[in-house]
Amino acid sequence: MARTAKLELDGKTIELPVIEGTEGELAVDVQTLRAKTGYITYDDSYSNTGSCQSRITFIDGEKGILRYRGIPIEEMAETSSFVEAAYLLIFGKLPNEAELHRFSGLLTRYQMIHEDMKFHFEGFPHTGHPMAVLSSMINAAGCFIPELTGECDEECFEQQAARLLSQVRTLAAFSYRKTMGLPAIYPKKAYKYTENFLHMMFSDPDEDYEVNPVAVRALDLIFLLHADHEQNCSTATVRMVASSKANLFACASAGVCALWGPLHGGANQAVIEMLEEIRREGDDGTKFLDQVKHKEGGKRLMGFGHRVYKNYDPRAVIIKRYSDDVLRALGVKDPLLDIAKRLEDAALHDSYFLERKLYPNVDFYSGIIMRAIGIPLDMFTVIFAIGRMPGWIANFREVRENPEARIYRPRQVYQGPTKSAYVPIEKR
Ligand code: ACO
């Protein structure tokens, strides 16, 4: 028998259906609540609201579990690649060899942006943050695809998804080169996804960047670990925009804006800025942690804490383990890694962090690896955006393919002035 929840309101008892997820997650379906009672539910910042039913990514925040389409992130990190993970997330299954070959071929086919796009880059000031440029340019890239706003069958969707996934790294690299006043470097057919991105970032017209396989693998892993994370702020934004039937590129552009904030994707940049501040001040981390605990100036230990994980973020475990190896293999010694480890150790033995279940998240160590590869600080969040693109595309698709999907439209509890008369300006 289907489970229901009973709710007593104003002396009336109503029954609401209970939905069970495939991993046993239970939700009370409140869709009929207002019609039955006149009440709405209230959940500021959606911390206990399931906004959709999804088949893409599973997280158990208490146990520190993350799975893409059922596959544990640890197995993906160990054996897969970013492009394969992207396929899995977007199309719902691991590709066979032919499918992966075909998808990689599409990524190569679409890697070049329209030549006229180069003029758009001219309009940005050197000081423009690459996330602002990326968001604008993704939307601009959509203008070059006339069929983007029409009906889209499976083949057309595959092409649009490949085009977006491929071009986001070209746009990202071009925007970096632009802010540095450097000439744009075109992608090469011979290179695979991540290799090509590093080539476009760091080659020069007169000299190719020597692509280091350690750097390629490290960045590919960072992309893969960021590829999806269920209903986070930017993915929920993408779904929200998709629900209005806006096109894929417009939705991804909105996702980039949501990701930019320091409480979300911007945290990887904020972690390095925090570690640098600690080093500049000659602090071993003790003074900084004291300020955090006393909430001085609203300071937070960036890269710690998560809305869903109340345990270790499994991505942080993988990245931390990997960071030592990468730095060693690249021959980089970074004092910030030592500070980060000291901070983590101190925080994990401190009641302030333990009581609030604050553990390192994916951003705590990812910046150290990106620094070692040579990625500039203000590109860190852009790297996150490239990585998150498959998740956004998969979530876009889920919204658009749901025959029951309606436009996302939350309600509110109005707390403003009650009805009051308009006062003419001379009487105010
Ligand atoms: N440092 C110090 N204290 C913290 C931190 C932190 N990083 N995070 C949360 N807290 C404290 C809060 O001050 C609050 O304390 P209180 O109970 O005394 O008021 C308590 O923990 C609960 O915090 P909330 O803000 O309610 O937690 P929420 O779930 O809203 O926030 C968030 C999650 C935004 C990630 C938060 O932990 C944070 O700001 N972390 C630092 C930024 C960061 O690393 N963001 C990346 C997140 S992962 C990602 O987007 C990939």
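Residues are numbered from 1 along each chain as its sequence is written. As the model is predicted, local features need pLDDT of at least 70 and side-chain atom pairs count only at pLDDT 80 or more, while totals for chains, interfaces and linings use all residues; side-chain values use heavy atoms, with hydrogens and water left out.

**Exercise 1. Work out which residues surround the ligand and which polar contacts they make.**

Start with the shell: 20 residues surround the ligand, and the closest are Arg300, Leu301, Gly303, Arg307 and Tyr352.

A polar side-chain atom of Arg300 sits 2.7 Å from a ligand oxygen. Leu301 puts a polar backbone atom 2.8 Å from a ligand nitrogen, and a backbone N or O atom of Leu263 lies 3.2 Å from a nitrogen atom of the ligand.

**Exercise 2. Find the cavity and say what lines it.**

Searching the whole structure gives 1 cavity of 30 Å³ or more. On a 1 Å grid over the protein atoms alone, a cavity is a set of points where a 1.4 Å probe fits but cannot get out, and lining residues have an atom within 4 Å of a point. The volume, about 40 Å³ for the largest cavity, is the space filled by probe spheres set on the points.

Then read off the lining: Glu277, Ile278, Glu281, Asp283, Lys287, Phe288 and Gln291. By class that's 2 nonpolar, 1 polar and 4 charged.

**Exercise 3. Describe the disulfide.**

The count comes to 1 disulfide, taking a pair of cysteine sulfur atoms within 2.5 Å as the rule. The partners are Cys152 and Cys156, with sulfur atoms 2.1 Å apart. The S-S torsion is about -105 degrees, so this disulfide of Cys152 and Cys156 is left-handed.

Methods:
Near = heavy atom within 4 Å. Polar contact = N/O pair within 3.5 Å; in protein donor to acceptor, adjacent residues only side chain to side chain. 1 Å grid on protein atoms, 1.4 Å probe; cavity = no way out; pocket = protein on both sides within 12 Å on 5 of 7 lines; lining within 4 Å. Nonpolar A, V, L, I, M, F, W, Y, C, P; charged D, E, K, R; others polar.
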